[in-house]
Amino acid sequence: MKIAVVGMGVAGSYLTSRLRDFHNVVGFDRLPEDKFDAVCAWGTSKHGISQFAKDCGLNFEDFVLFDGKEMLVDLGDGKDPMGIKLKGLCTFDKRAFIIAMAKGTETVFGKTIGQNSLNGDFDMVVDATGLLRPLLPKIKQDIMIPCVQYKVKMPERPYDDFFIKPLSGLSGYFWYFPLENGCAHIGAGDYHKTHNEELNRFIKDNKCEVLKKVGRPVRITPPSQCEPFYEGKVVGVGESIGSVYPLLGEGIIPSLQCADLLIENLEDLPNYRLEVLRKFKIYEHVFRFIKAKIQGNFTLRSQLPGLISMFLHMKSQEKRYGMSIRLTDMLKVVRSV
Ligand SMILES: Cc1cc2nc3c(=O)[nH]c(=O)nc-3n(C[C@H](O)[C@H](O)[C@H](O)COP(=O)(O)OP(=O)(O)OC[C@H]3O[C@@H](n4cnc5c(N)ncnc54)[C@H](O)[C@@H]3O)c2cc1C
């Protein structure tokens, strides 16, 4: 098949790497090659991502920047932050990882693809554009969390490890993700757009030298509400069809998982749809839970089933999430904000 992959982010690059030996694949990205970037905090679980790297002939360890041991969670109650034992959560050079996966794929950089850009040249066009999904119908009730992130260097590291602070109402959180050489990604996302206050305070208090600033929302609408996944020759993959874990805004591993489903079902898109809905079913519960918090109609009693299924899901995949999961910790977070 002649396949166009539009968007050479983590899902698109992985897809081209896995398909290019068997199909005629061309990648497109709107960013010019020298300005190519991976806007993201670069946090992931080693155990969750290593096999994807292996499948592209890469060793994930080569890209790791910082290995986490314990994540601190500030519950905003004036007490010491709560510690969560980590099981493989790390930061990695996501840009280099994407470039390594895409190496060997014929790619056209600096070209923004719209509805009519590719005409009839391809048998299949994959929309791997993340948030934008210009090639598929607009999502009706799309929920996105606006985020701002800085890459910073500080005279002294305020924390030795990962640090997060849920924002009021659990409508977002502040993050501090250590990188290499005393640098860190600090960022915050909040549905109610209060995230800049927390960030500005942190930058001032810690005398941060800002090396880079980026802003982009993350989609938390689950796949079940991002249909259609395909229309005509176009099929979506990754964040364009909602593969982001809504509790954390974590989309790297889910987008790779989604790409795997497409690879397995390339010739059977109805089955791809079913597999995506099945794989990410739990995201619906998590989304409902977060939405209730965001909209201020959350009660523990009404959302208890959601909380329990979220706990059971993450507990059964601690290594995939890169952290130890305890119900008491989850309850503390939910009650604190
Ligand atoms: C601030 C922030 C921090 C995050 N941190 C984390 C984190 O630490 N860990 C985690 O797991 N997830 C994180 N996420 C989520 C994660 O980054 C995404 O969900 C994931 O990268 C989605 O992958 P993707 O390949 O589907 O899309 P993307 O990574 O968004 O890639 C889409 C690509 O398509 C290109 N493109 C867009 N439109 C067009 C067009 N019309 N034509 C051609 N090319 C186009 C873009 O340039 C881009 O390269 C974060 C998100 C944000 C916003």
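**A covered strand and its sheet**

Strand β14 is mostly covered, with seven of its eight residues buried. Buried means that 20 or more other C-beta atoms lie within 10 Å of the residue's own; exposed means 12 or fewer, partly exposed is in between, and C-beta atoms are placed from the backbone. Helices (H or I, at least four residues) and strands (E, at least two) are DSSP runs, numbered from the N terminus. This is a predicted model, in which local features need pLDDT of at least 70 and side-chain atom pairs count only at pLDDT 80 or more, while totals for chains, interfaces and linings use all residues. Residues are numbered from 1 along each chain as its sequence is written.

β14 belongs to an open sheet of seven strands, ordered β6-β5-β12-β13-β14-β11-β15, with mixed pairing. Two strands count as paired if DSSP finds at least two bridges between them. At the edges stand β6 (82-85) and β15 (209-215); each has a single partner strand, so one side of each is left without a neighbour in the sheet. From one strand to the next, the twist averages 20 degrees.

Strands of a sheet pair through backbone hydrogen bonds, either parallel or antiparallel. On one side, β14 (residues 183-190) pairs with β11 in the antiparallel sense over seven bridges. Tyr 150 has Ile 186 of β14 as its bridge partner, and Lys 151 stands opposite His 185 in β14. The pairing of β13 with β14 is also antiparallel and has seven bridges; here Tyr 176 has Ile 186 as its bridge partner in β14. β13 and β14 form a hairpin with four residues between them, and Asn 181 in the turn has a positive phi of about 50 degrees.

Helix α4 (residues 195-205) packs on the sheet, touching β11, β12 (163-166), β13 (172-178), β14 and β15, and its direction makes about 155 degrees with that of β14. Helix α10 (residues 327-336) also packs on the sheet, touching β5 (70-73), β6 and β12, at about 140 degrees to the direction of β6. Axes are lines fitted to C-alpha atoms, for helices over the stretch in contact, and angles run from 0 to 180 degrees between N-to-C directions.

**Core and ligand shell**

A nonpolar core is a set of buried Ala, Val, Leu, Ile, Met, Phe, Trp, Tyr and Cys residues joined through C-beta atoms within 7 Å. The largest one has 87 residues, of which Ala 11, Leu 15, Val 126, Trp 175, Val 237 and Leu 256 touch the most other members. α5 gives the most to this core, seven residues.

Around the ligand there are 38 residues, and Gly 7, Gly 9, Gly 130, Gly 238 and Gly 251 come nearest; a residue is near a molecule if its C-beta atom, placed from the backbone, lies within 6 Å of it. The largest share of this shell, three residues, comes from α1.

**Backbone exceptions**

Most residues other than glycine have a negative phi, and most peptide bonds are trans. Arg 133, not a glycine, has a positive phi of about 35 degrees, and it counts as buried because it has 24 C-beta neighbours inside 10 Å. Lys 207, in the loop between α4 and β15, has a positive phi of about 45 degrees. Glu 227 and Pro 228 are joined by a cis peptide bond, with omega about 0 degrees.

How values were computed: Two residues are in contact if their C-beta atoms, placed from the backbone, lie within 7 Å.
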